[in-house]
Amino acid sequence: MKQVKGQAGRWFCFKLTTIPGTNFAIRKSILDELGGWDEGALSEDTELTIRVYNLVYKIMFYPAAVTWEQEPETWRVWWKQRTGWVQGNLYVIGNIY
């Protein structure tokens, strides 16, 4: 629920949002224009978000979209997931500049 509130707040205040990793749709023409996504990026949602905004497209937040996610069942799995996200985001940041 926290992520939804953050996304909703950014959307309603600034009309900015990010592509969520579990529930999004993108026009094929935009994905083609981007040349697909970077297969080396562990956080493809972050990578696509940045490139979509760089092409001056908008990303819409639709609060009625529902997705079910399975949370990590142990701290070890949670830690591995989060460190993977950090590695993925560092990769994306390193390839922007």
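Contact here means heavy atoms within 4.5 Å. With that in hand, among contacts in the chain between residues at least 6 apart in sequence, 60% join residues at least 24 apart.

Some ground rules before the details. This is a predicted model, in which local features need pLDDT of at least 70 and side-chain atom pairs count only at pLDDT 80 or more, while totals for chains, interfaces and linings use all residues. Residues are numbered from 1 along each chain as its sequence is written, and side-chain values use heavy atoms, with hydrogens and water left out.

Now the overall layout. The chain has 4 helices and 0 strands, so the elements read α-α-α-α from the N terminus on, where helices (H or I, at least four residues) and strands (E, at least two) are DSSP runs, numbered from the N terminus. Along the principal axes, the C-alpha atoms fill a box of roughly 40 × 30 × 25 Å. Of the 97 residues, 21% are buried. Buried means under 20% relative accessible area, exposed means over 50%, and partly exposed is in between, using a 1.4 Å probe and protein chains only.

Next, the core. The largest nonpolar core has 7 residues: Ile19, Ile30, Leu31, Leu34, Leu48, Val52 and Ile59. A nonpolar core is a set of buried Ala, Val, Leu, Ile, Met, Phe, Trp, Tyr and Cys residues joined through side-chain atoms within 4.5 Å. H2 and H3 each supply at least two residues of this core, and the largest share, 3 residues, comes from H2. In soluble globular proteins, nonpolar side chains tend to be buried together. As for Ile59, leaving out residues up to four places away in sequence, it touches Trp11, Thr17, Thr18, Ile19, Thr49, Val52 and Tyr53.

On to helix H3. Its buried residues are Glu47, Leu48, Thr49 and Val52, and they pack against helix H2 (28-34) and H4.

How do H3 and H4 pack, at what angle and how far apart are their axes? Helix H3 (residues 44-54) and helix H4 (residues 75-96) meet at an angle of about 30 degrees, with axes 8 Å apart. That makes H3 roughly parallel to H4. Axes are lines fitted to C-alpha atoms, for helices over the stretch in contact, and angles run from 0 to 180 degrees between N-to-C directions. Angles under 35 degrees count as roughly parallel, over 145 as roughly antiparallel, 65 to 115 as roughly perpendicular and the rest as oblique.

Which residues meet there? Thr46, Glu47 and Ile50 in H3 meet Asn89, Val92 and Ile96 in H4. The residues of this contact divide into 3 nonpolar, 2 polar and 1 charged. Here Ala, Val, Leu, Ile, Met, Phe, Trp, Tyr, Cys and Pro count as nonpolar, Asp, Glu, Lys and Arg as charged, and the others, Gly among them, as polar.

Take Ile50 from that list. Isoleucine 50 counts as partly exposed because its relative accessibility is 24%. Leaving aside neighbours within four places in sequence, isoleucine 50 is in contact with Val92 and Ile96. Lysine 15, in the loop between helix H1 (2-14) and H2, has a positive phi of about 60 degrees although it is not a glycine. Valine 56, in the loop between H3 and H4, has a positive phi near 65 degrees.
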